[in-house]
Amino acid sequence: SLAPEYEKAADMLVGKDAVLGKVDATENTELAQQFGVRGYPTLMFFKNGQKLEYGGSREADGIVEWVMKKSGPAATNLDSDEDLNDFLANNAVAVVGFFGAD
């Protein structure tokens with residue numbers, strides 16, 4: 001069951017810039033329909049009004065990692081060779097932009 005892992009993930013996110021909410025879709029059927037819920041459990045991520053359906057790990061650590069990646073800054077400043085190497089090593093897919101001074 002996802003419920004205990006979701007609760008753990010919510011606890012792990014306390015004090016972070018992201019929070020987890022919970023809706024009982026069997027009691028709030030109109031709300032579930034409004035957001036296109038077709039089955040349970042369904043996790044949706046919202047940032048700046050944009051909705052993204054979650055399809056990742058069903059364990060607390062995976063949920064938190066995904067949420068933090070999605071809620072973090074759009075770009076990470078890489079100020080050294082070490083930062084760049086760490087960034088590349090920790091991301092299966094990465095895009096790096098090289099810019100001149102503004």
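Which residues is Glu5 in contact with, leaving aside its neighbours within four places in sequence? And is Glu5 buried or exposed?

A: Leaving aside neighbours within four places in sequence, Glu5 is in contact with Arg58, Glu59 and Ala60. The model is a predicted one. Glu5 itself sits in helix H1, which covers residues 2-12. Its relative accessibility is 19%. The cut-off for buried is under 20%, so Glu5 counts as buried.

A polar atom of the Glu5 side chain lies 2.7 Å from the backbone nitrogen of Ala60. Helix H3 spans residues 60-71.

Helix H3 also holds Trp66. The whole structure has three aromatic pairs. One of them joins Phe35 and Phe46: the ring centres are 5.5 Å apart and the planes meet at 85°, so this pair is edge-to-face. Phe35 lies in the loop between helix H2 (29-34) and strand S1 (44-47), while Phe46 is in strand S1. The two are 11 residues apart, and their pair links distant parts of the chain. Phe35 is partly exposed at 28% relative accessibility. Phe46 is partly exposed too, at 43%.

Phe45 and Trp66 also form an edge-to-face pair, with 5.4 Å from centre to centre and 85° between the planes. Phe45 has a relative accessible area of 13%, so it is buried. Together with Tyr54, Phe45 and Trp66 make up one aromatic cluster.

Key. Residues numbered from 1 in each chain as written. Predicted model: local features only at pLDDT ≥ 70, side-chain atom pairs only at ≥ 80, totals over all residues. Heavy atoms only, no water. Helix = DSSP H or I, 4+ residues; strand = E, 2+ residues; numbered from the N terminus. Buried < 20%, exposed > 50% of the residue type's maximum accessible area, 1.4 Å probe, protein only. Polar contact = N/O pair within 3.5 Å; in protein donor to acceptor, adjacent residues only side chain to side chain. Contact = heavy atoms within 4.5 Å. Phe/Tyr/Trp six-rings, centres within 6.5 Å; stacked < 30°, edge-to-face > 60°.
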